[in-house]
Amino acid sequence: MELILKYFPNLTEDQINKFAQLESLYQDWNLKINVVSRKDIDELYLRHVLHALGIAKVISFKDGSNIFDVGTGGGFPGIPLAIMFPECSFHLVDSIAKKLKVVNEVVEGLGLTNVRTTHSRVEAIDEQFDFIVSRAVAIMPTFVHWVKGKIAKEQKHELKNGILYLKGGDLTEELKDYRTTTIYNLSDYYEEDFFETKKVVHLPLKYRG
């Protein structure tokens, strides 16, 4: 929890309380349904919460924004971002029902009212969003194909509507066909070794009406 306050010192009391509850909620549910590896659960704030909030270092979502978390798994990056941006709406989707059970229990335990979940393949969701967030669920060409037609027309932010993708390692080959990407190195924002190779990739996508 100190890690979160180290990089986000201006949280409200409600946000601090919600972030503080994450550890016990995930530890409790992870014993019943394993969604976070044993090693990672001990470093939940570093490897999951702070990592997810890397997106909040790149952009501050404006009130009323709609965010789509594709392949949310145990609720990352969606749940930490939903705590950080309580006036935005988050739609978390995963094709694995047991993972969403944990997500729903965590959302209920925290009393988050700005999160909804759907057990579905991404392609079946017929909605449009300001941004689509995810954490390395597929290579970029596959991911772009999945989310085709899901970007809203109206631009609310300086950063153009599109994908905000948490990735690691050398992305040269994977992104070679995407000339408009911007890569943000999380090591520019966080000093822990874990973030040395971690990045947020922004890929603007055009609205297709």
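1. Helices (H or I, at least four residues) and strands (E, at least two) are taken here as DSSP runs, numbered from the N terminus. The model is a predicted one, in which local features need pLDDT of at least 70 and side-chain atom pairs count only at pLDDT 80 or more, while totals for chains, interfaces and linings use all residues. Residues are numbered from 1 along each chain as its sequence is written, and side-chain values use heavy atoms, with hydrogens and water left out.

2. Helix H2, residues 13–32, has 20 residues and reaches 30 Å from its first C-alpha to its last, close to the 28 Å expected at 1.5 Å a residue, where the expected span is 1.5 Å times one less than the number of residues. A kink of about 30° is centred on Leu22 of this helix, the bend at a residue being the angle between axes fitted to the seven residues ending there and the seven starting there.

3. The buried residues of H2 are Gln15, Lys18, Phe19, Leu22, Leu25, Tyr26, Trp29 and Asn30; buried means under 20% relative accessible area, exposed over 50%, and partly exposed in between (1.4 Å probe, protein chains only). Their cover includes the helices H1 (2–7), H3 (38–41), H4 (44–52), H6 (78–84) and H7 (97–110).

4. H2 packs against H4 at an angle of about 120°, with the axes 12 Å apart; axes are lines fitted to C-alpha atoms, for helices over the stretch in contact, and angles run from 0 to 180 degrees between N-to-C directions. The two helices are therefore oblique to each other, given that angles under 35 degrees count as roughly parallel, over 145 as roughly antiparallel, 65 to 115 as roughly perpendicular and the rest as oblique. In this pair Phe19, Ala20, Gln21, Leu22, Glu23 and Tyr26 of H2 meet Leu44, Tyr45 and Val49 of H4, where contact means heavy atoms within 4.5 Å.

5. H2 and H7 pack at an angle of about 140°, and their axes are 10 Å apart. The contact is made by Lys18, Gln21, Leu22, Leu25, Tyr26 and Trp29 on the H2 side and by Lys101, Val102, Glu105, Val106, Gly109 and Leu110 on the H7 side.

6. Nine of the nine residues of H4 are buried, so this helix is largely enclosed by the rest of the structure. His51 is found in H4 and, at 5% relative accessibility, counts as buried. Not counting residues up to four places away in sequence, His51 touches Leu46, Arg135, Leu166, Leu186, Phe194, Phe195 and Lys198.

7. Leu164 has its place in strand S5, residues 162–168, and counts as buried at 0% relative accessibility. Leaving aside neighbours within four places in sequence, the contacts of Leu164 include Ile55, Val58, Ile59, Phe61, Phe131, Val133, Leu159, Val200 and His202. The C-alpha atoms of Leu164 and Glu108, which are 56 residues apart along the chain, are separated by 26 Å.

8. Two backbone details deserve a check. Most residues other than glycine have a negative phi, and most peptide bonds are trans. Ala136 has a positive phi of about 45° although it is not a glycine; Ala136 lies in the loop between strand S4 (131–135) and helix H8 (140–146), and is partly exposed, with a relative accessible area of 45%.
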